[in-house]
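Here are my notes from a first pass through the model. Have a look at it alongside the points that follow.

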Amino acid sequence: MMPSSATPAIRLTDIHKSFGPVRANRGASLEVMRGEIHALVGENGAGKSTLMRVLSGMYAPDSGRMEVSEANGALRDVTGWNTAAAIAAGVGMVHQHFMLVPTLTVAENLMLGAELTKEGPLRVLDSARAAQAVDDLSRRTGLRVNAEQRVADLSVGEAQRVEILKALYRGARTLILDEPTAVLSPPEVAELWQVLRQMRERGETIVLITHKLDEVMSISDMITVMRHGRTITRLRTVDTTPQEIAREMVGRDVLLAADVRRDAALGGESWAATAPDSVTATAENGSLGSGLALPTLEVRGLTVSNARRSNAVDDVSFSIAPGEILGVAGVEGNGQTELIEAIAGLRRARSGSILLDHLDITGATVRARGDAGLSHIPEDRHARGLVLDYSIADNLILGQQHRFTRGGFLNSFLDGERIADNARKQIRAFDIRPNDPALPARALSGGNQQKIVVAREMGRDFRVLLAAQPTRGVDVGAIEFIHAQLRTARGMGKGVLLLSADLAEVLALSDRVAVMYGGRFVIVIPRAQASEEVLGPYMTGAERAA
Amino acid sequence: MTTASPELTQDTSTTEAAAAPLRSSRSRLEEALLPSLVALLVAAIVGDVLILIFGQAPAAVFRLLFEGTWGNSYGFGQVLYKATTLTFTGLSIAFALRAGLFNIGAESQLAAGGFLAAIVGLLLPPGLSWIVTLPVYMAAAALGGGVVGGAAGQLKARFGAHEVITTIMLNFIVLALLSFLTATHLKVPETLHTKELESGALPRLSDFFASFHGSAANVVLVLAMIACVIAWWYLFRTRRGFELRAVGLQPEAAEYGGVKPGAVWTRAMTISGAIAGLGGLNFVLGYKHYYEEGFAGGAGFLGIAVALVGGTHPLGVMLAALLFATISQGGLAVNAMVPKQFVEVLQAVVIIAVAVSVPEVRRLLRIQRTRG
């Protein structure tokens, strides 16, 4: 059945929503037709998620009008409804962060809040019927899950399928997906698209929040662009281009990563070929390095454990030449976090060694590594990269606080003047907005928060940069900026280890590409030989040849 | 729900909200002071109701309460004396809270500080001027409290033992130990206290201002104020303080920033214990000149309320200590008109009022600031 573009499923008009002083939505509108896949795009902090939480009943709007179509097609005013009413009307939301109980099975999670019980006064849970219902739904939708499996044992992609099933189980005919592909490998993304297309065939409506333009182009029928809490424009996908969407999102022309993809790897291989194996220089015989292209970072036989596995990182060896970006692709949870943390000094290496320039830092403290020239953009800026309640100025010296002291007793007083100078300089150089150094980091958008981290780690002298998910949850303008910074660092002869769940990002920036799977580097190849098609199978573990 | 308030529509946008620069130290102080004021207001209202229930006239009772505390210099001196100990214990707990640690052990740290100071005092040759002996006493008191606090910090850093559990348990152990040592080796027969110290007695305020005559207020009060200023300086102006607060807010981010949370926990608990321990000087050097079983008298626990009402800010702690000392001393003054539990109820109400009001107060402050 062709979607009839005449019947809107959802119409939001002039929605305003503030949180204290933060005005997340100020005149946002959205019209989604029945049976279409509608992409809601915008930079971080543009108000996409807020608008969808208003729609799903989690927030009540301050003003504006919300209408949702009934079964007969007529629009009903639902302004300010709650989540229960939204679910009853068939509007379901799949959140960016899963809301599942890990210790319960898939079936139990789906039933939660609407449990199937046996006849009788005790209302005993009917697990057989629950499993049957889940299997039926799974077959009907093509979302393959095992009803009896515990959610804790699922992969991220499977957990997401359960989230979608949960919404469908409750009768969702309109499904809102908040950045669903952030945690998926390319094959899983393809599978998700297939499921969404099937849903569209059945006349169901999908709103997809995303900021990945290639996704928008490949899956959506219509596009609504938001900027600064307002709806900027509404586009038909077939009539537009990624460049146009990006321009509407940011409000100016932007350079997309795909435009500047380098097609040749510079130096990445040549270093590995020429460096003698015997270069095991330590601090005392560092002179060996003169004249030779010593690796900036060298990791040998590194094995790291985490809470579940003794070999979360399993005997990994690599080196990075000056002026080289080594990109590590892979689905999250394959040891990337443990690898970065071990190199950064936040996690102990079980065995193996880590050399920075020619200095063995395997057992060094975080501070000693920083002093030796290691910079680190951590993957989770909210947990590690920033103290959210600290000011921008204070966050700009985190990890460097011992350099911002002045003489006197124990040389331990913070030098407020230099901290302020540093803040002013970095805010200007990295275009951090708002530009008030006294504002807490919490008050900034995701992109600007990340710029604080990038400014701190790259705005000082360093030899090697560990960049973990450097552009996650960051808007298009900031992505462009951060990518330019990484390229500049390469140009200045720094070594960069880039870890990203976004394969396009890895391909856009790297000189060599590695894929991490099951704690190992299953493939390391020059950028020129790498492509999504080549790497995809390695990311899912289908190809294991090292 | 359907119309935006005009103020909001005229409000600056999120990205421009920073146009009005924030003075972070000012806002910190506001956050520290406001809970005390709110608490005072609520205490007054609830106090009114309670007094009416007891069949008394609120105005008369509050007048008596005021006259017995701030209304005459003896009463005010007693308020200052009580506030001194509470400032130390409140500061101790506030300091630990800044590192993300809930120190429930100030009671035993206070006792241990007073005890060790008294022991040292018994060993010192008699007749020395207080100016000479004071540093020695301070070191002893800080050591006594610091060891107890530091032990809890170490247990957390080494074994991950939660400080709430360990400090509560250390209260039992340390208080029992001090009780044992006093009873078996140190006490003067028929009493619960040691011999009187022959050196180090500190001047009372009445030595400088005759009108304080009879009150126990003494120069340890000045030490308490200095301690608050130093603690403030340490927390907000030194690298160690920067690192300590980072651990308190986000241990993972602090670790990323080259700070070892375990080391900070040990250090913070040691300093916290030392501050509480210094509070022992108020009784031992400023008032009785001996160690007496149970002199802490709950000041270590009331310090939790002082720290929270004071917004865990050293300067807020001073004011909160004055507030609780006033209620406590005022309770004695109005004892004839209302039962003594009146004061305990009032203290509890104040604490609950603060617990309830603080998030609300902060939210209001934030909105006001971005508009101004």
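**Notes on the two chains**

1. Let's start with the domains of chain A in this predicted model. Chain A splits into domain 1, covering 8-90 + 173-254, and domain 2, covering 260-381 + 464-539. Where they meet, twelve residues of domain 1 touch 13 residues of domain 2. On the domain 1 side, the elements that supply two or more residues are helix H6 (186-201) and helix H8 (242-250) of chain A. H8(A) gives the most, with three residues. That side of domain 1 is made up of eight nonpolar residues, three polar and one charged.

2. Next, the open sheet in chain A. Its six strands run in the order S16-S19-S20-S13-S21-S22, with mixed pairing. Strand S16 (374-377) and strand S22 (520-526) of chain A sit at the edges, each pairing on one side only. Ignoring direction, neighbouring strands are turned by 15 degrees against each other on average.

3. Over in chain B, helix H9 (residues 220-237) packs against helix H15 (residues 314-333) at an angle of about 150 degrees, with the axes 8 Å apart. H9(B) is therefore roughly antiparallel to H15(B). From H9(B), B:Met225, B:Cys228, B:Ala231 and B:Trp232 meet B:Pro314, B:Leu315, B:Val317 and B:Met318 of H15(B). The residues of this contact are eight nonpolar, no polar and no charged.

4. Now for confidence. The model scores ipTM 0.83 and pTM 0.75. Chain B averages a pLDDT of 86, and 87% of its residues score at least 70. Helix H12 (residues 261-278) of chain B has the highest confidence in that chain, at a mean of 97, while helix H1 (residues 6-10) of chain B has the lowest, at 33.

5. Two stretches of chain B call for caution. The pLDDT is below 50 over residues 1-23 of chain B, a stretch with 37 contacts beyond near neighbours in sequence. Residues 365-372 of chain B also stay under 50, with 13 contacts beyond four places in sequence. Where pLDDT is low, predicted coordinates should not be read in detail.

Methods:
Residues are numbered from 1 along each chain as its sequence is written. Chains are lettered from A and ligands numbered from 1 in the order in which they are written. This is a predicted model: local features need pLDDT of at least 70, side-chain atom pairs count only at pLDDT 80 or more; totals for chains, interfaces and linings use all residues. Domain bounds come from an automatic or database domain assignment. Two residues are in contact if their C-beta atoms, placed from the backbone, lie within 7 Å. Helices (H or I, at least four residues) and strands (E, at least two) are DSSP runs, numbered from the N terminus. Ala, Val, Leu, Ile, Met, Phe, Trp, Tyr, Cys and Pro count as nonpolar, Asp, Glu, Lys and Arg as charged, and the others, Gly among them, as polar. pLDDT is the predictor's confidence in each residue, from 0 to 100. Axes are lines fitted to C-alpha atoms, for helices over the stretch in contact, and angles run from 0 to 180 degrees between N-to-C directions. Angles under 35 degrees count as roughly parallel, over 145 as roughly antiparallel, 65 to 115 as roughly perpendicular and the rest as oblique. Two strands pair if DSSP finds at least two bridges between them.
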